[in-house]
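This briefing is meant to be read beside the sequence and the coordinates. It goes from the whole chain to single residues.

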Amino acid sequence: MMSQGSILCGSVKHTVVSGIFGFITAVTAVLTVDFLRQRVLNFKHPVAISVLAYLLIGMRRCGCLTHALCLLTVGLLLHVAPVPLVASIGGGLVSGLCCLGFLYLAMIPCGNLLMVVLQIVAPRVVDCAQEKRIERFIEFLPERDLVCLQELTVFWGMDAYVDFLRQCAAGCGLEHYASSGSWPHWPATFAAAGLGVFSRYPILRSESFSFSRQAWFEWSAIQRGALMVELEGPNGKKIAVMNIHTTAGLEVLEAGVGVRGASTPNPVGLDQLLEALSRFEVFSRKAQQRILCGDFNLSKDSLAFECFQKESLRRLKLLDVYPNCPPTFACVDPETGKPLETLLTKKGSQGHPRVIDHVFSDKKCSQARVDNMTATAEHAKLYGYQQVSDHCALEIVWD
């Protein structure tokens, strides 16, 4: 089995920068374009009502609905006050909420305008050698029985590279495939969750879902979630597998702008893991073996990871099969201390190795190792990438 994080999505290093650009562009547009200003900032207009409703849906997904409703209620009450200044303040508050809903909806498409322009005028800035990394990745697939991928990201259904990867995997004997889909899960409007499972064994059934709680800074772009499959393994053995990718928390924003502080707690990621555990408990009731793996975005030395360990053991008797795992993300050269991967890893994360990819199971493994999946010398020289991904692969063997 191979579990691999952040495998093939393009230009991941620039997502935060493009998001900030998109936010600024959207703000500028709504303040300077009369057509937008008259519809978005006039909270009685159908467009404003629509984006406000969208905002409330998103706030519900990130646990902030009560706060948003309180602000909306206060704004409406002030707006009907007999004092003009107070009424103006109330109207401004409601209009501000409408504007925020528009920003959530528009900033990702606006941000991608930057990426499109850069691809035309400065392609080397955003080039991530995706095709060549896929070629290299395929070389690692033979002799694998199960491969779980995260960040197999698809934007607006454009999944041609995923289809190509499926064909190549099938040629390596991994003929069975399940995914979390090619289109965004509402209320996200941009990217699919990017989870995929390739298997040598038949997939009897699969189920994917989005977490009920999402991060406030990404819910309109992508809905994090999990993918569960049931395999018919050797001798008819039923194996339940959950492939998961939680939110990275505020740390991804810090790293995206080149800031590296103390390890930031990730309470949303823990909530997502615990929700996934409950769903997996139901899905895997008849399984003879359970495997839960993926990019947890929690380090092994964190209190959140310790909490998840206790819960997974208590509920499903799941154990971390590689407790002494070396770093899987932002790895460094042990001799020089320099980052081993710089093409995809955000500047703020480089040189700060961590173990955030994990595999749990109710069966002990016989072998476990980390594979950096490094580029060949030729590829590294010609195409400028160091590893297939900014994450390393976890390779686990069960007898």
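What follows describes a predicted model, beginning with the overall fold and ending with a few individual positions.

The protein is built from twelve helices and twelve strands. Its radius of gyration is 23 Å, close to the 21 Å that the globule rule gives for 399 residues, and the protein is therefore as compact as a globular protein of that length.

**Overall dimensions and surface**

- Along its principal axes, the C-alpha trace of the protein spans about 75 × 50 × 40 Å, and 51% of the 399 residues count as buried.
- When contacts between residues at least 6 apart in sequence are considered, 76% of them join residues that are at least 24 apart.
- The accessible surface of the protein comes to about 18100 Å², and carbon and sulfur atoms account for 60% of that surface.
- The protein carries 36 positive and 35 negative side chains, and the centres of these two sets lie 5 Å apart.

- Strands of a sheet pair through backbone hydrogen bonds, in either the parallel or the antiparallel sense.
- Six strands form an open sheet with mixed pairing, in the order 5-6-7-8-10-9.
- Strand 5 (203-210) and strand 9 (319-320) stand at the edges of this sheet, and because each has a single partner strand, one side of each is left without a neighbour in the sheet.
- Within the order given above, strand 7 (residues 238-245) and strand 8 (residues 289-295) pair in the parallel sense over seven bridges, and M242 has L292 of strand 8 as its bridge partner.

**Strands 11 and 12**

- Strand 11 (residues 367-371) pairs with strand 12 in the antiparallel sense, over five bridges, and V370 stands opposite L394 of strand 12.
- Strand 12 (residues 393-397) is mostly covered, since four of its five residues are buried.

- Most residues other than glycine have a negative phi, and most peptide bonds are trans.
- A cis peptide bond, with omega of about 10°, joins W186 and P187, and P187 is found in the loop between strand 3 (176-179) and strand 4 (196-199).
- W156 is not a glycine, yet it has a positive phi of about 50°; W156 is placed in the loop between strand 2 (146-149) and helix 8 (160-171), where it is partly exposed, with a relative accessible area of 37%.
- N297 likewise has a positive phi, of about 55°, although it is not a glycine; N297 is found in the loop between strand 8 and helix 11 (303-316), and it is buried, with a relative accessible area of 14%.

- Leaving aside residues up to four places away in sequence, F102 touches A26, V30, L36, V40 and V51.
- The C-alpha atoms of F102 and L41 are separated by 9.6 Å, although these two residues are 61 residues apart along the chain.

Technical notes:
Residues numbered from 1 in each chain as written. Predicted model: local features only at pLDDT ≥ 70, side-chain atom pairs only at ≥ 80, totals over all residues. Heavy atoms only, no water. Helix = DSSP H or I, 4+ residues; strand = E, 2+ residues; numbered from the N terminus. Rg over C-alpha atoms; globule rule 2.2 N^0.38 Å. Buried < 20%, exposed > 50% of the residue type's maximum accessible area, 1.4 Å probe, protein only. Contact = heavy atoms within 4.5 Å. Areas by Shrake-Rupley, 256 points an atom, 1.4 Å probe, with all protein chains shown as cover. Lys, Arg positive; Asp, Glu negative; His and termini not counted. Charge placed at Lys NZ, Arg CZ, Asp CG, Glu CD. Pairing = 2+ DSSP bridges.
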